[in-house]
2 protein chains.
Amino acid sequence: MKITEINLSSSKSVIYCGVGAFEKYAKQLIGTNAFIVTDSNIYKIYAKLINETFVSTPVYVISAGEKSKNKKTLFNILQAMLEHNLDRDCCVVALGGGVVGDIAGFAASMFMRGVKLIQIPTTLLAQVDSSVGGKTAIDFYGVKNSVGAFYQPFAVIADSLFLKTLPVRELRCGLGEIVKYGALDKDIYNKLFENIKNFSDISFLQSIIFDCIAHKIEVVSADERDVNGVRKTLNAGHTTGHAFELFYGRKSHGEYVLIGMYYELLIAERRGICWGQYPENLKKLICAVVKKIPVYADINKAAILALHDKKNTEGLISIIVPVSEGRVEEVKLSFEEYVKELEYAAMEIQNSYEKS
Amino acid sequence: MKITEINLSSSKSVIYCGVGAFEKYAKQLIGTNAFIVTDSNIYKIYAKLINETFVSTPVYVISAGEKSKNKKTLFNILQAMLEHNLDRDCCVVALGGGVVGDIAGFAASMFMRGVKLIQIPTTLLAQVDSSVGGKTAIDFYGVKNSVGAFYQPFAVIADSLFLKTLPVRELRCGLGEIVKYGALDKDIYNKLFENIKNFSDISFLQSIIFDCIAHKIEVVSADERDVNGVRKTLNAGHTTGHAFELFYGRKSHGEYVLIGMYYELLIAERRGICWGQYPENLKKLICAVVKKIPVYADINKAAILALHDKKNTEGLISIIVPVSEGRVEEVKLSFEEYVKELEYAAMEIQNSYEKS
């Protein structure tokens with residue numbers, strides 16, 4: 001097991017990563033003045049473990065799925081906390097995937113102007129990404145993560161214990177973000193290449209989870225509040241991925257990130273900022289997770305949804321594109337240019353299928 | 001005019017305090033990518049000034065009064081910001097009293113996980129207290145400020161320009177908090193005593209506003225997130241004052257703070273931690289604002305509302321009582337003790353009226 005710290009100007013988080021972390025640390029870190037938020041999927045499987053580990057601690061179960069990430073669920077949680085007479089010394093435990101982490105984390109940031117938060121991510125995606133770094137949010141007025149807070153957890157417990165019961169779709173979702181880390185970090189990139197056949201092996205995953213967290217810690221330490229450009233790199237693939245996810249919404253988030261990255265990689269190639277063997281290799285990594293990159297028909301309608309992306313400024317769409325091993329770059333495009341580029345990319349993907 | 005900074009671990013606020021601050025700094029600090037929140041009272045009087053100063057900046061007008069400090073108004077503001085296509089580089093301007101500062105500040109903290117906030121307090125209370133220090137909140141589930149954030153404004157512009165149109169009730173409200181600062185700061189205490197006849201004089205107020213802000217800056221710098229006890233001192237009078245305010249709710253917040261402080265001062269006297277000439281002098285200062293301290297009949301019912309106070313821990317009621325010039329102390333009481341003490345205090349006040 002590995003224990004690491006993130007030291008930020010105003011707070012410190014400790015990450016406990018590895019097999020046995022839950023059993024060894026959860027009870028002791030959380031204490032008795034706590035409130036657990038989880039979702040219906042997790043509770044179905046782990047009710048016994050939760051109730052035996054945290055005896056007589058209130059457990060609030062939200063419906064599983066992104067649709068719970070709304071203001072109604074948020075205020076239901078806050079109301080339940082008030083009904084349980086919790087005070088400002090209490091600890092909110094987010095035990096679940098990204099949705100639970102986002103909404104319980106946001107609730108913790110608001111309750112009595114902020115109480116202690118412990119993230120216990122149970123999905124691969126949440127373990128490598130959302131549980132670390134303090135981003136919390138709900139979706140509001142049709143805009144993903146439009147309302148939220150930067151709120152650092154006191155501790156993160158990332159234990160592969162929970163990965164054993166993860167549906168394949170969720171595993172692919174997490175792998176999507178892991179391959180994204182490959183585009184940002186040469187060591188992760190190489191490790192992924194060497195293990196391209198082991199993507200569903202739990203012991204490989206446990207080791208790559210720590211690498212991804214370590215990379216994220218570095219980024220978050222350099223740019224906690226996403227203001228100086230460093231943290232933006234974590235959004236590689238996300239501008240286009242989010243837009244497709246919002247418009248089509250069938251696959252998992254991580255797969256859309258990779259589909260977005262694939263389209264954005266083609267844009268980078270066309271603009272001459274990514275060349276040689278690298279784009280072909282990165283495409284292989286992407287296709288190890290997303291077997292077939294979709295060719296979308298309504299690309300201009302989907303692209304409209306990228307207009308609300310938080311990275312955008314001055315009316316320009318911002319995309320973070322891969323340029324070489326471990327390196328990405330920001331490209332800013334007008335909406336018209338962006339749509340044209342996406343249409344070219346779709347055509348190119350279509351052509352490659354017709355050729356093969 | 002005076003310009004001061006608050007330097008906190010994660011942010012910096014600049015305070016512009018004095019006559020002319022609005023005219024000189026508001027437009028330049030706020031820029032063009034902004035969203036103004038104000039209330040119906042302010043907008044009735046200052047619509048022209050606002051629209052001429054901030055040309056073509058959207059203005060969102062909430063109903064004046066504490067009842068607007070709820071989640072519905074909060075999300076209406078956030079929705080309006082999305083409808084105006086504001087991005088994460090925008091600036092939210094809270095132009096109004098404490099309610100506007102609280103709700104617009106909280107909205108700024110949440111929108112896209114936090115955008116720039118400028119406080120332009122228009123009431124005496126907001127100028128000396130709520131606009132400085134970063135506390136924002138809404139009332140939820142019957143509990144005052146139960147949901148909120150610590151969110152530092154980028155700038156505060158405190159200009160007595162707005163005080164000229166302030167109703168007497170609002171002036172008394174601000175004076176309530178100013179006299180509270182007197183209990184915390186010997187220099188303010190002495191200045192108040194010397195000016196006990198000038199409490200409604202605008203030029204006296206302009207000078208004491210700066211002293212109060214300076215005191216608050218010192219406290220907030222030592223304890224931004226209200227965790228080590230320093231910031232708690234600002235809540236002198238508030239535990240009991242809040243409870244009375246929630247239960248009776250006729251007078252202004254600042255007057256309830258002083259009524260609370262009066263009751264808590266009697267508790268301190270009875271417990272032997274405040275004695276000599278000081279309590280009598282402080283009572284004189286309090287009564288220069290609240291002419292007659294009420295004797296409440298339903299004190300035990302009102303006291304129940306103190307059970308939700310955020311300072312409480314381990315089931316004990318926490319009150320911050322005056323002990324000597326410029327010094328306060330925390331006293332923790334069980335609910336039963338607290339009710340008994342309040343009943344004694346009420347009896348004592350009743351007796352003093354019968355004697356005189």
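**Exercise 1.** How much area do chain B and chain A bury between them, and what percentage of it lies on carbon and sulfur atoms?

*Solution.* A note before starting: this is a predicted model, where local features need pLDDT of at least 70, side-chain atom pairs count only at pLDDT 80 or more, and totals for chains, interfaces and linings use all residues. Residues are numbered from 1 along each chain as its sequence is written.

Step 1: take buried area as the accessible area (1.4 Å probe) that two parts lose on being put together, summed over both. Chain B and chain A bury about 3500 Å², with 62% of it on carbon and sulfur atoms.

Step 2: look at the chain B side. F75(B), R88(B) and R113(B) lose the most area to chain A, together 25% of what that side buries.

**Exercise 2.** Find how many salt bridges there are between chain B and chain A.

*Solution.* Step 1: search for a side-chain nitrogen of Lys or Arg within 4 Å of a carboxyl oxygen of Asp or Glu. The count is two salt bridges.

Step 2: inspect one of them, in which the side chains of R88(A) and D226(B) meet at 3.5 Å, N to O.

**Exercise 3.** Is Q127(B) buried or exposed?

*Solution.* Step 1: recall that buried means under 20% relative accessible area and exposed over 50%, with partly exposed in between (1.4 Å probe, protein chains only). Q127(B) has 0% relative accessibility, so this residue counts as buried.

Step 2: check its surroundings. Leaving aside neighbours within four places in sequence, Q127(B) is in contact (heavy atoms within 4.5 Å) with residues including P121(B), A158(B), L163(B) and I213(B).

Technical notes. Chains lettered and ligands numbered in written order. Heavy atoms only, no water.
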